[in-house]
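Subject: Structure for you to look at

Hello,

Here is the structure I said I would pass on. Please open it beside this message and follow along as you read.

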Amino acid sequence: MQAYQIKAGQQIAGLELVQRSIPTLAAHDVQVRVHAVSLNYRDLMIAEGTYLRTGDASVIPCSDGAGEVMAIGSAVSRFRVGDRVAASFFPNWMHGEPTPQNTGRSLGGSYDGMLAEEVVLHEDAWVAIPEHLSHVEAATIPCAGVTAWNSLFVEGGLRPGDSVLLLGTGGVSVWALQLAKAAGLRVIITSSSDEKLDRARELGADAAINYTTTPEWQDEVLRLTAGRGVDLVLEVGGRGTLARSVASARMGGTLAIIGGLSGFGGALDPLALIGGAKRLSGIFVGSRRMFEDLNRFLIVAEIHPVVDRVFHFQQATDAYNYLKSSGHFGKVVIDVSQQGR
Ligand SMILES: NC(=O)c1ccc[n+]([C@@H]2O[C@H](COP(=O)([O-])OP(=O)(O)OC[C@H]3O[C@@H](n4cnc5c(N)ncnc54)[C@H](OP(=O)(O)O)[C@@H]3O)[C@@H](O)[C@H]2O)c1
């Protein structure tokens with residue numbers, strides 16, 4: 001079967017299409033024909049060599065893929081041939097708290113991931129996908145969708161009527177926008193593009209701020225919340241946004257610390273947290289249980305994740321470059337079953 005592989009730090013140009021053999025199935029293995037794979041900012045970081053815990057070996061990239069079960073090992077009980085599934089980002093984190101053990105292995109980092117025609121994983125690593133979603137849509141759930149769910153409702157503990165600030169209109173933020181509106185939350189979102197802010201309003205955003213033309217956007221967040229601040233910020237910006245995000249949170253509010261789109265490092269004044277009794281909560285995607293809970297919500301709320309653009313399997317490099325250009329709104333997907341250019 002065909003698969004892409006990359007060595008961390010080789011840049012996007014290092015992506016190569018190769019022939020890989022499929023391992024013999026162990027008793028609990030499930031072999032899946034991959035239909036679609038979605039890209040995350042993490043995949044760019046891995047290509048650029050800036051991601052955590054990557055090794056020196058070439059691996060099949062990408063954590064997020066969905067497909068159809070084509071064969072099962074002799075002892076598999078969770079799935080049958082023909083079932084539609086997606087892989088969980090951490091194949092060993094089933095439920096409960098994250099530990100070094102259950103988060104030690106993630107797909108597409110130091111272990112083979114999903115950008116391949118076929119993938120074999122232990123049955124516990126797979127999750128059934130909602131019937132109302134296409135493979136392309138379901139391929140966006142494992143990293144971006146689960147991270148948004150964990151941030152809003154598990155670590156963030158939000159309830160209907162609460163408010164959330166989302167930064168930018170990338171994969172995690174647009175997923176969070178859709179989930180938050182379906183759950184009755186008030187959403188303030190930022191973007192560098194007025195056109196993207198219009199799209200966010202169409203999806204229900206209550207207020208939208210252009211962070212380029214309003215560089216002190218935290219003041220606008222405070223104005224929009226009558227000086228109080230929001231209950232939760234999904235902090236995906238990192239070094240360039242963290243202090244403003246802290247200022248945007250209400251007294252006792254939470255910052256879900258997710259990413260570093262503007263870079264990592266930097267300094268945060270502890271007084272900014274102490275005076276407002278604010279909490280920082282590091283997010284590391286989520287468990288299989290969170291994925292399953294999210295799926296139940298997607299079914300009830302009939303949510304279809306926003307897919308900006310779909311590339312063919314042979315266009316993986318183009319898809320990576322498109323994600324890097326930040327032209328997207330929501331998710332970028334590679335349709336593995338589409339082989340033409
Ligand atoms: N901790 C975790 O478990 C976890 C899980 C998933 C993702 N992440 C991290 O979260 C971040 C987002 O990931 P993603 O896959 O959603 O990224 P993405 O889809 O590539 O997001 C790109 C978008 O981010 C926005 N952006 C860029 N710089 C910004 C800034 N300084 N301020 C506000 N918005 C900015 C831009 O939106 P506009 O074009 O609208 O301006 C851009 O289009 C990344 O750092 C990623 O590594 C972490």
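Helices, in what follows, are DSSP runs of H or I with at least four residues, numbered from the N terminus. The model is predicted.

Helix H10

H10 is followed by Ser 326, which has a positive phi near 60 degrees. Inside H10, the buried residues are Ala 316, Ala 319, Tyr 320 and Leu 323. Looking down the axis of H10, these residues fall within an arc of 100 degrees, so they line one face of the helix. Their cover includes the strands S1 (2–5), S3 (29–39), S14 (307–312) and S15 (331–335), together with helix H1.

The axes of H1 (residues 41–48) and H10 (residues 316–325) come within 10 Å and cross at roughly 105 degrees. H1 is therefore roughly perpendicular to H10. On the H1 side the contact is made by Asp 43, Leu 44 and Ala 47, and on the H10 side by Tyr 320, Leu 323 and Lys 324. Four of these residues are nonpolar, two are charged and none is polar.

Helix H9

H9 covers residues 288–301, which is 14 residues, and spans 20 Å from its first C-alpha to its last, close to the 20 Å expected at 1.5 Å a residue. Its buried residues are Arg 288, Met 290, Phe 291, Leu 294, Asn 295 and Leu 298. Seen down the axis of H9, they fall within an arc of 150 degrees, so they too line one face of their helix. The face turned away from the buried side carries the exposed residues Arg 296 and Val 300.

What covers the buried residues of H9? Strand S7 (126–128) and helix H3 (141–155) are included in the cover. H3 and H9 pack at an angle of about 85 degrees, and their axes are 9 Å apart. That angle makes H3 roughly perpendicular to H9. From H3, the residues Ile 141, Pro 142, Gly 145, Val 146, Trp 149, Asn 150 and Val 154 meet Met 290, Phe 291 and Leu 294 of H9. By class, this contact has eight nonpolar residues, two polar and no charged ones.

Trp 149

Is Trp 149 buried or exposed? Trp 149 has 25 C-beta neighbours inside 10 Å, and because 20 or more is the cut-off, it counts as buried. Leaving out residues up to four places away in sequence, Trp 149 touches Val 154, Leu 179, Gly 286, Met 290 and Leu 294. Val 119 is 30 residues from Trp 149 along the chain, and the C-alpha atoms of the two are separated by 26 Å.

Positive phi

Most residues other than glycine have a negative phi. Two more residues to check on this point follow.

- Glu 302 is not a glycine, yet has a positive phi of about 50 degrees. Glu 302 comes after H9, in the loop between H9 and S14. With 9 other C-beta atoms within 10 Å, Glu 302 is exposed.
- Cys 62 is not a glycine either, and has a positive phi of about 80 degrees. Cys 62 sits in the loop between H1 and strand S4 (64–72). With 31 other C-beta atoms within 10 Å, Cys 62 is buried.

Regards

Definitions and conventions: Residues numbered from 1 in each chain as written. Predicted model: local features only at pLDDT ≥ 70, side-chain atom pairs only at ≥ 80, totals over all residues. Helix = DSSP H or I, 4+ residues; strand = E, 2+ residues; numbered from the N terminus. Expected span 1.5 Å × (residues − 1). Buried ≥ 20, exposed ≤ 12 C-beta atoms within 10 Å, placed from the backbone. Arc of directions from axis to C-beta. Contact = placed C-beta atoms within 7 Å. Axes fitted to C-alpha atoms, helices over the stretch in contact; angles between N-to-C directions. Parallel < 35°, antiparallel > 145°, perpendicular 65-115°, else oblique. Nonpolar A, V, L, I, M, F, W, Y, C, P; charged D, E, K, R; others polar.
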